[in-house]
Amino acid sequence: MKASRIRETAGRAVFAAAAVVCVAAVVAVFVFLIGKSLPAYGKLGVWEFVTGEVWSPDRLDTYDAPLSGTYGVRTMIAGTLTATAGALLVGGVLGYFTAVFLAFYCPRRLRRPLSAAVSLLAGIPSVVYGFFGIVFLLPLLSHIAPNNGSGPLATALILGLMILPTVVSLCRVSMEAVPQAYYQGSVAMGATHSETVFRIVIPAARPGITAALILGVGRALGETMAVVMVAGNAPAYPEGLFGSFRVLTANIVMEMGYAGEVQEGALVATGVVLLAFVLLVNLLFGAVSGRAVRAAVAREGRGRAAKPGHRAAKRRAEASPAGAPAGTSSAAASSAGVPSAGVPFAGALSAGASSAGIPSASASSAGMAAPASPAPRRRAGRRRAGELWQALPYRPVLPRLGHGAALTAGILTGGALLLVLGFIFAKGLPQLWQNPSLIWGKYEFGSHRITVLPAIVATLWAVALSLIIAVPVGVMAAVYLGEYAGRNSLPVRIIRTAIDILAGVPSIVYGLFGMIAFVPLLGGSGSILAGSLTVSMMLLPTVVRSTEESLRAVPDALRQGSLALGAGRLRTVLRVVLPSALPGILSAVVLSMGRVIGESAPFLYTMGSVIGPLPHGVLDGGATLAVALYQLSGEGWYMNEAYAAAVVLIVLVLGLNLLAEGCGARLERRLKGDCHAKKR
Amino acid sequence: MRKKDKSAAPAQEFGQSISVSCANLWYGELQALREVSIEIPARQVTAFIGPSGCGKSTFLKCFNRMNDLVPGCRVEGSFRIGQTDIYGGTDVNALRRHVGMVFQKPNPFPMSVYDNIAYGPRTFGVRRRTELDEIVETSLRQAAMWEELKDRLGRSALGLSGGQQQRLCIARALAVRPGVILMDEPTSALDPISTGKIEELCEALSESTTIVIVTHNMQQATRISHKTGFFLLGELVEFGDTDDVFANPKDSRTERYITGRFG
């Protein structure tokens with residue numbers, strides 16, 4: 001008994017220590033952001049800094065002497081807002097309709113490949129998008145542009161493509177979470193597929209769609225490398241479709257390598273401005289749709305647990321004693337709903353409908369809204385759909401246009417993916433084929449022979465190291481927060497808020513932090529260890545949050561079952577709770593892996609950007625693949641090598657994803673206890 | 001020999017009868033139990049009945065201190081199992097080993113059938129395969145499901161039907177040789193046939209184990225229990241032999257409840 005008590009205490013201490021490390025990381029980043037930016041704000045003036053139109057830093061400026069440079073980021077704020085708006089216009093609209101296509105119009109055979117394509121788009125690192133912009137988009141645009149094609153238009157297209165997967169997958173989830181019964185109810189009254197989709201189902205999914213768009217905006221705001229590669233980066237206002245401009249993130253990445261004292265402060269201050277925007281977006285996300293989204297997510301979660309058929313049956317069972325047969329079952333809807341309340345309404349509209357040349361069958365779908373209104377509270381979404389229907393003039397053309405748009409969007413998205421991958425592979429694969437030394441060759445100092453092997457090795461090092469740091473700490477901290485600390489005690493809430501804020505910090509700000517905090521500590525020049533530490537700080541919030549989420553999804557009944565058998569907290573956590581939460585944790589790990597491979601902004605100045613010899617240990621520096629791609633394409637001398645690096649990068653990301661998926665499936669089976677059959 | 005000792009015989013420090021005097025319990029400001037005193041005899045089935053929210057489950061969870069897990073829950077009074085004061089410095093895990101629990105909804109762990117049952121013994125240090133095999137078989141036999149499950153011990157427990165899952169949970173509780181088993185509406189989520197099987201099981205188990213069962217189903221109480229306690233608004237209104245309580249209740253509130261006039 002005594003031994004077990006010691007074990008319990010030790011376990012608790014270890015988990016608490018991990019939580020403390022997390023808190024320390026959060027505090028460190030905050031202290032860094034505040035400590036470094038406050039003097040700058042003090043010297044430059046908050047208002048002057050934010051509204052100043054001229055950015056012309058002098059790296060010799062110090063806090064003690066009068067300034068000779070000018071520090072104003074207004075043009076870059078305008079740039080960031082323009083880029084984000086453009087991305088939303090491209091990626092939001094395209095993503096929305098692609099989601100509609102995937103959810104409602106996609107032929108069954110195309111469904112899997114297309115949704116795989118979308119998640120593939122999400123996995124492509126941002127430098128690859130930027131590279132694609134440089135080698136394909138800019139030359140194309142330069143035919144119609146007064147300059148080389150860079151500027152707001154190219155940025156919007158590339159950023160739009162980048163936020164597309166976020167928008168598509170979240171929109172689609174919320175659209176597909178709308179109960180089948182809504183659809184059936186409408187179709188049973190004679191509404192066409194398109195009418196039902198656009199008048200009933202999508203309005204019911206609106207909160208989720210809003211959330212998806214807001215998240216897309218969040219991603220666009222914080223994006224660095226892709227924008228740097230296509231925006232031009234002159235500190236000027238974005239004007240028209242073409243013309244060099246600079247965004248906030250670009251400002252940091254362009255100048256942090258050689259910044260002087262005040263300049264460095266001003267760059268951190270730029271990061272703070274950026275963070276303010278991101279937090280604003282997060283607040284918006286929470287306020288506008290938090291509740292609705294959580295409801296949708298919960299519904300989704302339940303849906304995964306029960307089979308769809310069961311779900312529908314359960315809903316019907318729930319609804320019928322509530323006295324609302326019209327609400328759910330389609331047959332009931334047509335028989336009970338239409339004759340009573342529906343008819344006068346439908347009649348009123350049928351005139352308009354027939355004058356528009358629509359057969360009365362579709363007009364009767366107008367009755368759809370009526371049976372919805374007596375339905376009880378749970379069907380608020382549907383009632384909203386009904387009100388919306390009544391508010392809109394009846395335009396039968398709209399759904400058809402929507403159908404067309406969805407089809408176009410589906411084709412465009414698929415096409416975009418094929419174009420990006422196809423173009424890069426078409427150019428890169430022959431390079432690799434003719435010149436395999438690009439990958440396997442030996443680095444020779446001073447030669448023009450480039451090989452990406454060191455970059456691959458450095459990348460793998462960074463992935464392994466940052467996961468080794470971030471995952472155990474993050475998971476254990478989440479266990480402490482979720483299983484040991486009081487669920488809603490004040491310190492826990494503070495930690496959680498801090499972690500949420502940390503999750504919003506753009507990656508480039510971490511890069512800045514790592515450069516100023518870790519690099520001097522580890523010998524003054526970039527090293528794999530410094531880069532990994534930086535990135536693992538960036539990963540912590542993701543790991544903690546998704547682990548907490550999956551811990552929360554473990555039913556309390558399991559914990560109680562274990563405790564009631566006399567098992568202690570520690571054994572309960574290790575044997576019952578964590579295994580059940582493993583799929584969620586694993587997906588967080590996979591996500592993190594992809595992020596480490598794809599990120600370049602935080603590595604650029606913490607791990608070094610030299611495409612050099614093979615790293616021999618964690619204190620050696622070296623460009624990761626993504627950084628190498630940025631370097632190679634930026635200089636313009638080594639385009640062929642850049643293509644090769646891009647191919648390797650994509651293959652690496654995809655391979656890891658596939659691997660993880662395979663592991664996930666096997667794990668899923670094992671989790672249920674099916675795999676290791678114990679025969680007696 | 002030492003290991004055997006750990007696994008097999010029930011921990012000697014606890015007895016099998018339960019005696020409670022002047023139990024009060026608060027959830028924050030809300031008082032959920034008022035001055036409850038009861039003597040539950042060993043190796044019999046005792047049923048707690050009463051309308052929802054009357055405190056019977058809360059009371060039940062005092063016996064294995066599952067209420068400790070509820071934030072803001074405060075317990076007063078003396079709770080003894082045998083001669084041991086369970087709130088007085090007792091090791092809570094040892095207590096829960098001795099006082100097993102079956103929940104309202106079946107909660108098998110996401111593991112194989114075998115691992116589910118072996119979970120408890122493993123918790124208390126049984127590692128040897130032959131010993132575990134023996135415990136698993138005995139427990140499943142006691143729960144009358146050895147024949148159904150012996151060929152699928154390695155399969156996931158989640159694949160069983162609801163009734164099987166609940167009986168598996170009973171077997172899981174039995175695997176640590178408890179002296180007392182608490183059942184919190186164990187059949188409310190089950191179909192009549194599974195319910196019948198679990199009721200038979202209760203009767204059989206009561207030869208060696210004290211069983212305390214919370215139920216909403218008064219027929220169930222009359223069918224399986226020797227003693228019945230009626231709870232209302234946190235008070236134990238009446239407690240006695242089941243036949244007495246149902247045939248000639250002493251309290252008018254009990255009578256109104258069992259004749260279906262409220263609750």
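**Strand pairing, helix packing and the chain contact**

1. In strand E8 of chain B, the bridge partner of Phe48(B) is Val214(B). Phe48(B) belongs to strand E3 of chain B, where it lies on one side with Thr46(B), while Val45(B), Ala47(B) and Ile49(B) lie on the other. Helices (H or I, at least four residues) and strands (E, at least two) are DSSP runs, numbered from the N terminus. Two strands are said to pair if DSSP finds at least two bridges between them.

2. Some conventions apply throughout: this is a predicted model, in which local features need pLDDT of at least 70 and side-chain atom pairs count only at pLDDT 80 or more, whereas totals for chains, interfaces and linings use all residues. Residues are numbered from 1 along each chain as its sequence is written, and chains are lettered from A and ligands numbered from 1 in the order in which they are written.

3. Strand E3(B), residues 45–49, pairs in the parallel sense with E8(B), residues 210–214, over four bridges. E3(B) is also joined by four bridges to strand E9(B), residues 227–232, and these two run parallel. Within the latter pairing, Thr46(B) stands opposite Lys227(B). Five of the five residues of E3(B) are buried; a residue is buried if 20 or more other C-beta atoms lie within 10 Å of its own, exposed if 12 or fewer, and partly exposed in between, with C-beta atoms placed from the backbone.

4. Strand E6(B) is likewise covered on both faces: Gly100(B) and Val102(B) on one side and Val99(B) and Met101(B) on the other are all buried. E6(B) pairs with strand E7(B), residues 180–184, in the parallel sense over four bridges. Leu182(B) of E7(B) is the bridge partner of Met101(B).

5. Chain B also contains an open sheet of four strands in the order E2-E1-E4-E5, with antiparallel pairing. Strands E2 (30–40) and E5 (84–85) of chain B stand at the edges with a single partner strand each, so one side of each is left without a neighbour in the sheet. Between E1(B), residues 18–27, and E4(B), residues 73–81, there are eight antiparallel bridges. Val20(B) stands opposite Phe79(B) in E4(B).

6. Most residues other than glycine have a negative phi. Arg65(B), however, has a positive phi near 55 degrees and is placed in the loop between H2 (56–62) and E4 of chain B. Arg65(B) counts as buried because 20 C-beta neighbours lie inside 10 Å. Arg177(B) has a positive phi of about 55 degrees and is found in the loop between H7 and E7 of chain B. Arg177(B) is buried, with 22 other C-beta atoms within 10 Å.

7. What is the secondary structure of chain A? Chain A comes to 29 helices and two strands. Of its 680 residues, 51% are buried. Among the contacts in chain A with a separation of 6 or more, 77% involve residues 24 or more positions apart; two residues are in contact if their C-beta atoms, placed from the backbone, lie within 7 Å.

8. In chain A, the axes of H3(A), residues 74–105, and H19(A), residues 397–434, come within 7 Å and cross at roughly 105 degrees. H3(A) is therefore roughly perpendicular to H19(A). Axes are lines fitted to C-alpha atoms, for helices over the stretch in contact, and angles run from 0 to 180 degrees between N-to-C directions. Angles under 35 degrees count as roughly parallel, over 145 as roughly antiparallel, 65 to 115 as roughly perpendicular and the rest as oblique. Residues making this contact include Phe97(A) and Phe101(A) of H3(A) and Ala406(A) and Gly410(A) of H19(A). The contact residues divide into eleven nonpolar, four polar and no charged. Here Ala, Val, Leu, Ile, Met, Phe, Trp, Tyr, Cys and Pro count as nonpolar, Asp, Glu, Lys and Arg as charged, and the others, Gly among them, as polar.

9. The contact between the chains takes 34 residues from chain B and 26 residues from chain A. On the side of chain B that touches chain A, H3 (92–98), E6 (99–102), H4 (113–123) and H7 (162–174) of chain B each supply at least two residues. H4(B) gives the most, with five residues. The residues on this side of chain B divide into 17 nonpolar, nine polar and eight charged.
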